[in-house]
Every structure is written in C-alpha cells, then in structure tokens.
Amino acid sequence: MSKIYEIENQLIIRFPPAIAEKIRESFANNQQLPITIEPKIGKGMEFDVSINSLKYQDKGVLVDLPTITESYKSKDYINLYKSNDISQMIWVGKTSNTRQCGDKVVCDSGLTPPTYDIRKDFHRKQPQIDIGEIQRVEKELHSIQSEFMKQAEEEENGSDDGKKGKKRYNKF
C-alpha cells in the first residue's frame, strides 16, 4: 500500500512572461526558488502564488485544459515511460482566452501553438451538403471516366500499324 508522499504529483503553472524568464534564469543557475501556492478559502479555484526570492505575489486560477497532456520520464535517457496525464493548470496573473463555464474556468487554447483555439476549431459547425448533389457529381465523374477509358482503348487498338513486339502503354 502506497503512502500519499510516495505518489508522484505533477502540475503545470503558467506565469507572466517576465516572471517566467526570471524563473528560467534561476533554474539555469541551479538556484533554489521557493514557490508558495496557497488556496483561497471560499473563492473556488483561486490561489495566492508568491515567490519570495523574486518578491513576486499574484493571484492564480485553476483552469481546465481543452486537451489531455501526457508527461513522460526516462531513467536511462533512452526509454520513455508515461508518468502522468495532465488536464489542468494554474494560470498566474491575467488570464487570457479563458472563460467561466459554471463553477469551472476553462481554457480555449492548449499548451502548444498548434492547439491555439482548439476548442473553437473542434466544435465548429460542419457545412451541410446535399446528398443528391453529391450523387449527381459522382455520376458525372463516372461518365467522364468511362468516356476517357473508351478513348484510351480506341487509341490502343487503332495505333497498332501491324507492328509487333513493343507494347505501348497509355499514362493517365
């Protein structure tokens, strides 16, 4: 039976670009960066996020991501194994492209550029196409194709000129 401290927990925190750059520099210099995340009581999914060494404090909101992000780990730098599925993140600072959906805050874009506005693209209305028109176009294409095949056969049979040996193939 595993204990709670033995379970691996992962989360994503999105900071404003200026603070994120300072955090990257701290990690590059192997500095410890104590980040405090405290939930606000009675405020739903809001948090107080502070970084003491950078003298930064702001509000964070837990948002639901539009897609599930899989995270992978490696012990030998060759083989990967899936370690977690992440479907939420804490957005610190001003939230953009998020909206309130009941008691949850949902994000319309994913984490990577290809997933920008993915919720809107996924739920867009498909154009209604008349099935009768599709069948009419299919019949027309079939008749054009059969005429083309007849012309190809006539050219093949008529251009023999009594020569034998080489066979000529028509390229379509």
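1. Asp117 is buried, with a relative accessible area of 18%, where buried stands for under 20% relative accessible area, exposed for over 50% and partly exposed for anything in between (1.4 Å probe, protein chains only). Although Asp117 is not a glycine, its phi is positive, at about 55 degrees, and the residue lies in the loop between β7 (104-107) and α2 (118-122).

2. Asn30, also a residue other than glycine, has a positive phi near 55 degrees. Asn30 sits in the loop between α1 (17-28) and β2 (35-39), and it is exposed, with a relative accessible area of 72%.

3. The model is a predicted one, in which local features need pLDDT of at least 70 and side-chain atom pairs count only at pLDDT 80 or more, while totals for chains, interfaces and linings use all residues. Residues are numbered from 1 along each chain as its sequence is written, and side-chain values use heavy atoms, with hydrogens and water left out.

4. The protein chain holds three helices and seven strands, these being DSSP runs (helices H or I, at least four residues; strands E, at least two) numbered from the N terminus. Read from the N terminus on, the order of elements is β-α-β-β-β-β-β-β-α-α.

5. Of the 172 residues in the protein chain, 19% are buried. Its accessible surface comes to about 14500 Å², with 52% belonging to carbon and sulfur atoms; such areas come from the Shrake-Rupley method with a 1.4 Å probe, and for residues only the protein chains shown count as cover.

6. Among contacts (heavy atoms within 4.5 Å) between residues at least 6 apart in the sequence of the protein chain, 42% join residues at least 24 apart.
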